[in-house]
Amino acid sequence: MDMKDYKGVLVFVEQVDGEIARVSYELLGEGKKLAATLNTEVTAVVLGNHLEALVDKLATHGADKVIVVEDPALETYMTESYTHSMTEVVNEYKPDVVLYGATAIGRDLAPRVAARCSTGLTADCTRLEVQEKTNNLLMTRPAFGGNVMATILCPNHRPQMATVRPGVMKQAEKMANPDCQVVKYGVPNLANYQNVEILEVIKKETERVDIMDVDVLVSGGRGMGSVDNFKLLEELADVLGGTVSASRAAVDAGWEEKDRQVGQTGKTVRPNLYIASGISGAIQHVAGMEESDIIIAINKDESAPIFDVADFGVVGDATKIIPLLTKEIRAKRDNEG
Ligand SMILES: Cc1cc2nc3c(=O)[nH]c(=O)nc-3n(C[C@H](O)[C@H](O)[C@H](O)COP(=O)(O)OP(=O)(O)OC[C@H]3O[C@@H](n4cnc5c(N)ncnc54)[C@H](O)[C@@H]3O)c2cc1C
């Protein structure tokens, strides 16, 4: 492998039923920044069937070029056909950097493509930078249970590959009239790579919104004391037009569902307002919420580490303070009509 042949930043765009995953837009934003430092361009690669409608969206979100691989065999995500197609694209275009979302699909696909391209992969990154002088990618991720941040390099192989946690990177500002090249890339005989047949896709029905998509999160920890006290958080979230999330301790206690967990092994959120109630502020929790615009912490222990990241703090019993807050805000709303 001649490393000089490898140029540009390639972003794997994840789409399901024509819906682009938000993390793909975040990766285009981050890819654009890296490409500017490397004086190169960012290319989106999207795999699937009937993808015309997606190209404009990728262009307005920062892609300089979009590679479209369309085939009936790529209609639904399948490990073998996607791995083969992505490997073909990487071998053909020889990017310097390849980014994937650290989602179920990205985690399945990225290591396989990396192995077939004889390169490394850094999984679950939370920061990407370009090293001065060498232009190597510095890929940073939590290690040893989140107690240290490890920065990993891939200096002797190309491409440099990373999966990136959803919610960590910022999307690029939308562009009005983007200048974007579109390339259709065909991968022959893809049907030969379909050794598994999908008989039916059963989607999980959920009425609750994703905690990564809301502006206000009222988050509860072990200090809330019981599942009944979590209802107090629901009431506050209701009057604020937000939703409830939780620490891992509260999820482990069965007071909230796993998809509501904020933190290193949960979700990374950045709402306008994050209320942390009865949460101590362990490093693994803070890693998932410290980018929130405004953080309010309620804790009966004034030395709790959550106050180190909070913009406003209330020292006291959350089970008493939360209902008072709800009452005050509701009364103010009612007065304002
Ligand atoms: C590899 C690894 C990954 C992890 N991933 C995550 C993760 O994704 N998310 C996560 O949250 N954690 C994660 N953890 C666990 C983390 O280390 C903490 O154990 C956890 O966040 C603690 O949850 P907590 O703050 O709710 O509970 P505690 O640490 O027990 O804190 C409870 C807090 O409530 C306060 N309190 C008690 N009663 C009241 C009251 N009546 N009113 C007000 N305050 C009160 C206490 O003073 C205390 O500060 C992870 C740990 C490891 C090792």
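Guide: In this predicted model, helix H3 passes helix H4 in a right-handed crossing, the near helix being turned clockwise from the far one by less than a right angle. H3 spans residues 79-93 and H4 residues 104-116, and the two pack at an angle of about 50° with their axes 9 Å apart; helices are DSSP runs of H or I of at least four residues, strands runs of E of at least two, and axes are fitted to C-alpha atoms, with angles from 0 to 180 degrees. H3 and H4 are therefore oblique to each other (under 35 degrees is roughly parallel, over 145 roughly antiparallel, 65 to 115 roughly perpendicular, the rest oblique). On the H3 side the contact (heavy atoms within 4.5 Å) is made by Thr79, Tyr82, Thr83, His84, Met86, Thr87 and Val90, and these meet Asp108, Leu109, Arg112, Val113 and Arg116 of H4. Sorted by class, the residues of this contact of H3 with H4 are five nonpolar, four polar and three charged.

A second pair is formed by H5 (residues 227-240) and H9 (residues 318-335), whose axes come within 9 Å and cross at roughly 25°. H5 and H9 are therefore roughly parallel to each other, and their crossing is left-handed. H5 contributes Asn229, Leu232, Leu233, Glu235, Leu236, Val239 and Leu240 to the contact, while H9 contributes Thr319, Ile322, Pro323, Leu325, Thr326, Ile329, Arg330 and Arg333. By class, the contact of H5 with H9 holds nine nonpolar, three polar and three charged residues.

Turning to the ligand, 25 residues surround it, and the closest are Arg222, Ser247, Thr265, Ser280 and Gln284 (a heavy atom within 4 Å counts). At glycine 278, a backbone N or O atom lies 3.1 Å from an oxygen atom of the ligand.

Two loops deserve a look as well. Arginine 158 and proline 159 are joined by a cis peptide bond with omega of about -5°, and proline 159 sits in the loop between strand S10 (148-152) and strand S11 (160-164). Lysine 133, in the loop between strand S8 (127-130) and strand S9 (137-143), has a phi near 70°, a positive value in a residue other than glycine.

Residues are numbered from 1 along each chain as its sequence is written, and side-chain values use heavy atoms, leaving out hydrogens and water. Local features need pLDDT of at least 70 and side-chain atom pairs 80 or more, while totals for chains, interfaces and linings use all residues.

Terms used
Nonpolar A, V, L, I, M, F, W, Y, C, P; charged D, E, K, R; others polar. Polar contact = N/O pair within 3.5 Å; in protein donor to acceptor, adjacent residues only side chain to side chain.
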